[in-house]
Amino acid sequence: MKNKRLITVIALILIYLTGTFIYETVKEPSRPSSTNEKEKTVVGVLQFVSHPALDEIYRGIKDGLKESGLEEGRNLEINFQNGQADQSKLATMSQQLVQQDPDVLIGIATPAAQALANTTSSIPLVLGAVTDPVGAELVQSMNKPGGDITGVSDQPPIEAQIKLATEILPEAKKVGILYASSEDNSRYQVTQAEEAAKKAGLTSVKYAVPSTNEIAQTVQVMSQAVDFIYVPLDNTIANAMQTVVKEANKAQIPVIPSVDTMVEQGGLATIGINQYDLGVQTGKMAASLANGKEPASTPVYVFDEGTVIINEEQAALLGITIPDKIKEEATMVTETKEEEE
């Protein structure tokens with residue numbers, strides 16, 4: 001009897017210990033733990049270079065993410081890299097961003113987007129300010145991108161911009177198109193600009209520069225041969241816009257850029273897409289992809305209209321009278337100048 005009682009007691013103890021172990025094991029996952037890291041959305045951003053247009057896009061991206069419920073310091077972590085127009089840096093930075101295993105990547109400008117696309121094919125990638133996503137071989141088509149890439153295009157209304165130039169400069173006969181030979185998106189726009197110029201009854205001449213070092217001399221040459229200069233969406237030229245304006249002003253040659261921030265830097269006028277708004281749309285799209293939306297079936301977003309933007313100070317400097325009809329519908333901007341050394 002004593003042995004039976006002892007066995008019973010031992011059995012009860014074993015049952016109790018086993019039950020306690022199972023309870024603690026089951027209970028463990030439900031304990032509050034530091035899962036904040038998993039609850040954060042991680043966004044990797046690669047910007048091609050610093051200049052006002054791309055900086056405005058990045059500012060818009062952060063606000064677009066915030067409008068979508070993602071806020072830094074609460075539930076969002078942004079890992080930002082800037083390649084400063086150095087292709088080798090873009091490749092290295094792309095690898096670093098991918099290694100951080102983000103929920104979504106954003107490439108601001110074509111070279112940055114291409115660098116990210118060459119690094120990963122498994123993380124959703126949002127294009128921020130890519131003029132020709134198809135031509136850059138980033139998507140299969142604008143409506144059905146396919147793969148893991150979609151985004152926002154900054155395709156400018158080039159025909160409308162050239163037409164605006166002829167309305168402001170009715171005596172103009174010849175336009176010089178200034179662009180960087182190294183940028184794929186620029187070559188695409190140059191073709192469009194040539195067609196638009198021909199349609200407007202203008203003669204066009206292309207002036208390609210390999211780097212910012214040749215811009216001043218090229219603009220000096222252009223200023224002796226054309227009636228105005230057209231600048232497409234080109235990061236190399238945008239990064240040296242102050243130089244372009246400085247040299248063109250010496251010969252009283254107006255510059256018609258393709259983006260609003262370049263008008264603020266001394267361009268005469270444009271019909272442009274607000275770069276901040278472009279960034280907001282990019283941020284919103286990035287948030288939707290981070291939440292599971294499929295990039296393959298998400299069309300590339302294209303703005304269907306722009307705003308007439310005039311630099312009235314520049315017009316006065318060049319002795320150009322802006323027609324009242326254009327001024328009535330335009331946004332007037334104040335020129336921003338860099339301090340000269």
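**Questions on a predicted protein model**

Q: What percentage of the contacts in the protein chain with a separation of 6 or more comes from residues 24 or more positions apart?
A: The model is predicted, and its protein chain has 14 helices and 13 strands. Among contacts with a separation of 6 or more, the share that joins residues 24 or more positions apart is 71%.

Q: Is N311 buried or exposed?
A: N311 lies in strand β12, which covers residues 307–311. Buried means under 20% relative accessible area. The relative accessibility of N311 is 0%, so this residue counts as buried.

Q: Which residue has a backbone nitrogen that the side chain of N311 reaches?
A: The place of N311 is in strand β12. At a distance of 3.2 Å, the side chain of N311 reaches the backbone nitrogen of E313.

Q: Which helix supplies the largest share of the lining of the second largest pocket?
A: This pocket has a volume of about 220 Å³. Its lining includes F48, T110, P111, Q114 and D184. Two helices, α5 (110–117) and α7 (184–199), each supply at least two lining residues. The largest share, three residues, comes from α5.

Q: How many residues of the lining of the second largest pocket are charged?
A: Among the lining residues are Q87, S182, E183, D184 and N185. The lining divides into three nonpolar residues and six polar ones, and the number of charged residues is two.

Q: Is D101 buried or exposed?
A: D101 is found in the loop between α4 (87–99) and β3 (104–108). Its phi is positive, near 50 degrees. Most residues other than glycine have a negative phi. Because its relative accessibility is 58% and exposed means over 50%, D101 counts as exposed.

Q: Is A129 buried or exposed?
A: The loop between β4 (125–128) and β5 (149–153) holds A129. Phi of A129 is near 65 degrees, a positive value in a residue other than glycine. With a relative accessibility of 6%, A129 counts as buried.

Q: Which residue with a positive phi follows α10?
A: Helix α10 covers residues 241–250, and its buried residues include M241, V244 and A248. The residue that follows this helix has a phi near 60 degrees, and it is Q252.

Note on methods. Residues are numbered from 1 along each chain as its sequence is written. This is a predicted model: local features need pLDDT of at least 70, side-chain atom pairs count only at pLDDT 80 or more; totals for chains, interfaces and linings use all residues. Side-chain values use heavy atoms; hydrogens and water are left out. Helices (H or I, at least four residues) and strands (E, at least two) are DSSP runs, numbered from the N terminus. Buried means under 20% relative accessible area, exposed over 50%, partly exposed in between (1.4 Å probe, protein chains only). A polar contact is a pair of N or O atoms within 3.5 Å; within protein, one must be able to donate a hydrogen and the other to accept it, and residues adjacent in sequence count only if both atoms are side-chain atoms. Contact means heavy atoms within 4.5 Å. On a 1 Å grid over the protein atoms alone, a cavity is a set of points where a 1.4 Å probe fits but cannot get out, and a pocket is an open set with protein on both sides within 12 Å along at least five of seven lines; lining residues have an atom within 4 Å of a point. Grid points are joined across faces, edges and corners, and a volume is the space filled by probe spheres set on the points. Ala, Val, Leu, Ile, Met, Phe, Trp, Tyr, Cys and Pro count as nonpolar, Asp, Glu, Lys and Arg as charged, and the others, Gly among them, as polar.
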